Amino acid sequence: MNFDQYKSLLATDISDAQSAGQAMDIGIKSLLPQAPQIMGPAFTVKCTNRSNTYLHDAIYRAPAGSIIVAETDANDYAVAGGNVCAVAQQNGIAGFVIDGVIRDVGELKSLNFPVFARGVFPKPGGKSNDGASQVEITCGGVTVNTGDWIVADEEGIVVIPKAEIEETLKTALSKQQKAEAQSLADWRENHEKTIKGILS
């Protein structure tokens with residue numbers, strides 16, 4: 001599937017094209033001042049018992065273009081820092097989406113590497129074999145599996161289940177093109193009629 005034609009789609013476009021429940025909660029945000037726009041297949045990681053080993057392993061195992069999506073068990077340990085982000089960037093990882101925290105945010109900004117997370121915390125996680133990768137996780141209240149499609153930008157983060165990627169992207173692009181072709185005057189007229197109809 002050629003994804004180039006869908007690069008202009010925003011999280012809002014995807015959300016409009018799918019059922020409710022696929023948008024992550026508002027607590028997971030870009031840690032860069034200017035939120036980047038990233039999209040790509042998820043590579044899932046579960047960090048447990050305050051260990052970040054599986055996320056660190058993922059920067060070597062995830063295919064280039066992947067977005068590493070992590071579920072963690074607490075917000076009092078960083079699952080990644082500046083060097084991990086730098087190596088992930090070197091290996092072609094498109095970004096991180098973490099239901100948890102990282103550290104070395106100054107280095108992150110220098111790298112301009114996209115990370116969406118709950119915040120920053122100075123203490124790093126430990127290293128053990130607790131956790132897993134390429135398993136079903138929950139991130140921001142949404143179920144995510146490896147191979148699902150992630151769209152993240154300043155509007156938020158949405159997940160498209162793997163089986164629905166093509167249909168959802170096509171629907172989103174069609175809706176986007178239709179909206180762009182409509183003038184504000186036409187939108188206002190239709191909108192005003194709709195609102196008055198509801199309230200009459």
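The chat below goes through salt bridges and the exposure of their partners.

Guide: This is a predicted model, where local features need pLDDT of at least 70, side-chain atom pairs count only at pLDDT 80 or more, and totals for chains, interfaces and linings use all residues. Residues are numbered from 1 along each chain as its sequence is written, and side-chain values use heavy atoms, with hydrogens and water left out.

Visitor: How many salt bridges are there in the whole structure?
Guide: A search finds 9, a salt bridge being a side-chain nitrogen of Lys or Arg within 4 Å of a carboxyl oxygen of Asp or Glu.

Visitor: What does Arg118 pair with?
Guide: Asp25, at 2.8 Å from N to O. The pair links distant parts of the chain, 93 residues apart: Arg118 is in the loop between β6 (115-117) and β7 (119-120), and Asp25 in the loop between α1 (11-17) and β1 (29-30). Helices (H or I, at least four residues) and strands (E, at least two) are DSSP runs, numbered from the N terminus.

Visitor: How exposed is Arg118?
Guide: Partly, at 31% relative accessible area; Asp25 is also partly exposed, at 32%. Buried means under 20%, exposed over 50%, partly exposed in between (1.4 Å probe, protein chains only).

Visitor: Switching to helix α6, where do Glu189 and Lys193 sit?
Guide: Both are in that helix (residues 184-199), 4 residues apart, about one turn. Lys193 is exposed at 56%, while Glu189 is partly exposed at 42%.

Visitor: And which residues are joined into one network?
Guide: Asp25, Asp99 and Arg118, through salt bridges that share partners.
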